[in-house]
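Work through the exercises below with the sequence and the model open. Try each task before reading its solution.

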Amino acid sequence: MVWSFFFFGLLIACTGNPASSSCPLKMSPSRVVVEFGGSFSVNCTSLSNDTEGMGWESPYGGVDLTLGVTSLLFKINSVPEWELGPMCYVNFHKADQCTEVLPVTVYKMPDSVSLRQNSTTVKEGVQYVTQCDIVNVAPARNLSVLWHKGNKILNSETFDDSRPSPVSKSSVLTLTAHRDDDGAEIWCEAKLNLWPGEQGPTMMRSKSHRVTVLYPPTLTKAGNETLEMTVGENITLNCNAKGNPPPSYRWEFPKFTKEWHEKKEVIEPILTLPFELPGVYTCTAYSNQGTVTKYFNISEAPRSRTTFAVMVGVGVAVGVLLLIAGVYFVTPNGTFSFNKGGYQPGTPSGPV
């Protein structure tokens with residue numbers, strides 16, 4: 001992709017101090033950063049009272065010696081070269097001379113910044129490589145490449161290249177795929193470090209690559225579960241798992257519930273059904289990346305067992321009481337009396 005930029009012309013940092021302690025010259029601005037083909041102008045001022053004349057030495061826009069001035073302008077309407085070294089000089093009445101070279105940096109923003117990656121889909125734990133290509137940028141010594149994942153900077157790289165003319169550079173980033181990176185956007189940015197702060201067209205970014213990370217199912221609620229339920233009460237079992245691709249589910253039930261299972265295929269991660277029989281309910285989440293199994297150990301709640309136990313206990317207690325009553329209150333002839341202790345055996349009397 002070729003990007004267009006507004007022409008910035010001249011971008012300057014000026015110290016306001018003489019060019020050097022030995023030569024009483026001040027450049028305004030003190031240095032120049034200019035886009036190739038752009039224009040700039042600089043004023044050179046002599047701080048000496050003994051100035052006879054001034055001039056500029058340069059193959060482009062040079063100014064001959066001009067007598068009787070203490071300030072002289074240098075201007076280029078269109079920068080034609082990648083290296084410029086214009087030099088301001090001053091002649092004094094005592095026939096000596098001093099000179100100072102104006103620092104000029106000629107830059108060019110990249111024609112394009114783009115990513116290359118063999119595949120944007122990778123398995124978890126596997127390393128993958130992404131390459132950032134920067135085409136025709138100058139000067140390379142001031143270039144840095146920043147790697148981004150979303151809003152986070154992963155890495156940066158600079159280049160040891162003193163060539164002033166445009167060159168193409170590449171930066172390589174090696175990452176290990178992690179499930180948290182699934183869906184993350186990775187992109188690179190070319191930056192020319194030529195200006196202080198945020199001045200100038202310093203950055204150009206690539207398109208983003210969205211990474212797809214494949215990983216096996218993982219239970220959102222880890223670990224097996226042990227539950228106590230009341231017979232007839234609805235039971236909900238959560239086997240939800242996260243994975244890429246999303247997992248499928250398979251359930252296995254105790255023997256008593258197999259008839260229900262055969263009538264209705266269960267493929268959902270969350271199961272709700274009436275509790276009928278204790279046992280182990282098994283759920284398996286699976287995909288082409290792996291399998292995970294969860295066990296639900298379901299038992300009958302104590303309160304259900306207590307109701308039955310109370311009924312049995314009451315029956316036993318009643319039986320015991322009846323047995324005691326038989327020992328103490330039943331007469332020898334088989335009749336029941338509360339006055340058993342006063343009874344005298346004998347022969348019944350006849351009519352008088």
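**Exercise 1: Aromatic rings**

A search of the whole structure finds 6 aromatic pairs. The rings of Phe, Tyr and Trp (its six-membered ring) pair if their centres lie within 6.5 Å; planes under 30 degrees apart count as stacked, over 60 as edge-to-face and the rest as tilted. The model is predicted, so local features need pLDDT of at least 70 and side-chain atom pairs count only at pLDDT 80 or more, while totals for chains, interfaces and linings use all residues. Residues are numbered from 1 along each chain as its sequence is written, and side-chain values use heavy atoms, with hydrogens and water left out.

Task: Classify the pair formed by Trp251 and Phe253, and state whether each residue is buried or exposed.

Solution.
1. A pair of aromatic rings is described by the distance of the centres and the angle of the planes.
2. The ring centres of Trp251 and Phe253 are 6.4 Å apart and the planes stand at 10 degrees, so this pair is stacked.
3. Buried means under 20% relative accessible area, exposed over 50%, and partly exposed in between (1.4 Å probe, protein chains only).
4. Trp251 has a relative accessible area of 2% and is buried; Phe253, at 6%, is buried too.
5. Trp251 and Phe253 belong to one aromatic cluster together with Tyr281 and Phe296.

**Exercise 2: Strand E26**

Task: Find which strands are joined to E26, and by how many bridges.

Solution.
1. Strands (E, at least two residues) are DSSP runs, numbered from the N terminus, and two strands pair if DSSP finds at least two bridges between them.
2. Strand E24 (residues 248-252) runs antiparallel to E26, and 5 bridges join them. Here Arg250 stands opposite Thr284 in E26.
3. Strand E27 (residues 290-300) is also antiparallel to E26, with 9 bridges. Thr282 stands opposite Tyr295 in E27.
4. The hairpin from E26 to E27 passes through 2 residues.
5. Of the 9 residues in E26 (residues 279-287), 7 are buried, and the strand is mostly covered.

**Exercise 3: Thr230**

Task: Locate Thr230 and state how far its C-alpha atom is from that of Pro302.

Solution.
1. Thr230 lies in the loop between strand E21 (225-229) and strand E22 (234-238).
2. Its relative accessible area is 17%, and Thr230 is therefore buried.
3. Thr230 and Pro302 are 72 residues apart along the chain, and their C-alpha atoms are separated by 8.4 Å.

Notes: Helices (H or I, at least four residues) and strands (E, at least two) are DSSP runs, numbered from the N terminus.
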